[in-house]
Amino acid sequence: MNFLRRTVLAAAAVSALLASTAGLAADIKPRLIRFGYGLNEQSNQGRAVKYFAEQVEKNSQGKMKVRAIGAAALGSDVQMQQALIGGAQEMMVGSTATLVGITKEMALWDTPFLFNNTKEADAVLDGPVGTKVMHKLEEKGLVGLTYWENGFRNLTNSKRPVTKMEDLDGIKLRVMQNPVYLDSFKLLGANAIPLPFSELFSALETKTVDGQENPYNTIVSSKFYEVQKYLTISNHVYSPWIVMVSKKWWDGLSKDEQKVLMDAAKASRDFERKDTRDEGAKALADLKAKGMQVNELSPAEANRMRDKLTNVNASISTNVGPDLWKETQDALGKMRAG
Ligand code: TK8
């Protein structure tokens with residue numbers, strides 16, 4: 001082999017080597033991610049944040065670390081949203097319902113009885129409609145990664161069993177800080193009072209409020225059964241959680257770092273929904289065993305409440321825009337037709 005040929009071969013070998021290591025060595029720097037959430041560590045939310053943290057560490061070879069901070073120690077949903085927008089906190093998960101003051105399209109998920117089951121919820125949230133709503137956050141300084149399941153909400157209170165609409169008269173009912181929830185429960189006759197979740201347990205304990213509504217999982221993990229006697233199975237709305245990143249911080253990440261977070265978010269979504277549904281399936285029996293008195297609404301009463309609640313649909317459609325409203329109804333219609 002002559003000199004020239006040897007040199008050319010060596011150069012080719014070196015450049016092939018460089019190309020392959022460039023492909024392997026991802027652009028990932030040491031990062032600390034403060035990830036805040038409202039429920040406690042033992043909740044479905046706490047377990048899913050922990051799972052997300054493990055995925056991020058694994059996919060970044062330990063370079064990216066997630067510090068999970070639960071029980072609203074970094075603030076309520078609304079306070080954390082502001083911290084993300086300002087860049088003072090990197091990540092959070094919370095209810096979409098507390099976001100409508102920032103992104104009005106989120107009100108779509110406040111629609112009473114929008115989804116008949118979790119299959120419909122998954123399809124719409126993960127499909128074009130859910131993606132479109134999530135992308136709206138970006139103009140406000142937030143990046144949505146995925147929706148988790150909070151779940152179908154049910155009513156509890158310490159006053160009396162709610163078997164018909166009139167039983168809600170005068171009940172002081174805590175609602176999320178959200179206009180649709182406020183209007184919905186006023187329509188049903190309750191004295192609806194908006195409060196952040198972080199203040200809910202003590203408000204129930206001191207009887208500042210008589211009742212609240214949340215999925216079974218939360219009634220179990222937040223120990224609401226200690227201060228609430230009656231549970232009414234109403235399934236009045238499906239409530240999503242949304243995992244979000246500060247856009248200020250996100251924009252400073254490399255593509256590889258963003259991919260680590262996206263992949264972990266996707267994996268955490270599947271983990272969280274399964275975990276939540278497994279726990280939810282056992283939760284009602286748990287709550288009965290803890291002494292809660294549970295009642296189902298008769299079909300006639302459920303329909304009366306349903307009819308009353310559909311009065312809020314027109315204002316939701318106006319707020320989110322008639323096109324998005326129609327796209328959602330069409331997607332559901334198609335699914336229901338088979
Ligand atoms: C937790 C809340 C909670 C929600 C509520 O931060 O406020 O009732 O259901 O899950 O987002």
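Contact is taken here to mean heavy atoms within 4.5 Å. On this criterion, in the predicted model, E120, A123 and V124 of helix 4 meet T328, L332, M335 and R336 of helix 13. The residues of this contact between helix 4 and helix 13 comprise 4 nonpolar, 1 polar and 2 charged. Helix 4 covers residues 118-126 and helix 13 covers residues 322-336; the two pack at an angle of about 135°, and their axes lie 11 Å apart. Helix 4 and helix 13 are therefore oblique to each other, since an angle has to be over 145 degrees to count as roughly antiparallel. The crossing of helix 4 past helix 13 is right-handed.

A further helix pair is formed by helix 2 (residues 44-59) and helix 10 (residues 255-289), whose axes are 8 Å apart and whose packing angle is about 150°. Helix 2 is consequently described as roughly antiparallel to helix 10, because angles over 145 degrees fall in that class. Helix 2 also passes helix 10 in a right-handed crossing. On the side of helix 2, the contact is made by N44, R47, A48, Y51, F52, Q55, V56 and N59. Helix 10 contributes V260, L261, D263, A264, A265, A267, S268, F271, E272, D275, T276 and E279. Divided by class, the contact of helix 2 with helix 10 contains 10 nonpolar, 5 polar and 5 charged residues.

The loop between strand 1 (31-36) and helix 2 contains S43. This residue, S43, has a relative accessibility of 0% and therefore counts as buried, the limit for that class being under 20%. From this loop position, the side chain of S43 reaches the backbone nitrogen of G46 at a distance of 3.0 Å.

At the level of the whole chain, the predicted model has 13 helices and 11 strands. The C-alpha trace spans about 95 × 40 × 35 Å along its principal axes. The protein chain has 338 residues, of which 53% count as buried. Among contacts in the protein chain with a separation of 6 or more, 75% are accounted for by residues 24 or more positions apart.

Methods. Residues are numbered from 1 along each chain as its sequence is written. This is a predicted model: local features need pLDDT of at least 70, side-chain atom pairs count only at pLDDT 80 or more; totals for chains, interfaces and linings use all residues. Side-chain values use heavy atoms; hydrogens and water are left out. Axes are lines fitted to C-alpha atoms, for helices over the stretch in contact, and angles run from 0 to 180 degrees between N-to-C directions. Helices (H or I, at least four residues) and strands (E, at least two) are DSSP runs, numbered from the N terminus. Angles under 35 degrees count as roughly parallel, over 145 as roughly antiparallel, 65 to 115 as roughly perpendicular and the rest as oblique. A crossing is left-handed if the near helix is turned anticlockwise from the far one by less than a right angle, and right-handed if clockwise. Ala, Val, Leu, Ile, Met, Phe, Trp, Tyr, Cys and Pro count as nonpolar, Asp, Glu, Lys and Arg as charged, and the others, Gly among them, as polar. Buried means under 20% relative accessible area, exposed over 50%, partly exposed in between (1.4 Å probe, protein chains only). A polar contact is a pair of N or O atoms within 3.5 Å; within protein, one must be able to donate a hydrogen and the other to accept it, and residues adjacent in sequence count only if both atoms are side-chain atoms.
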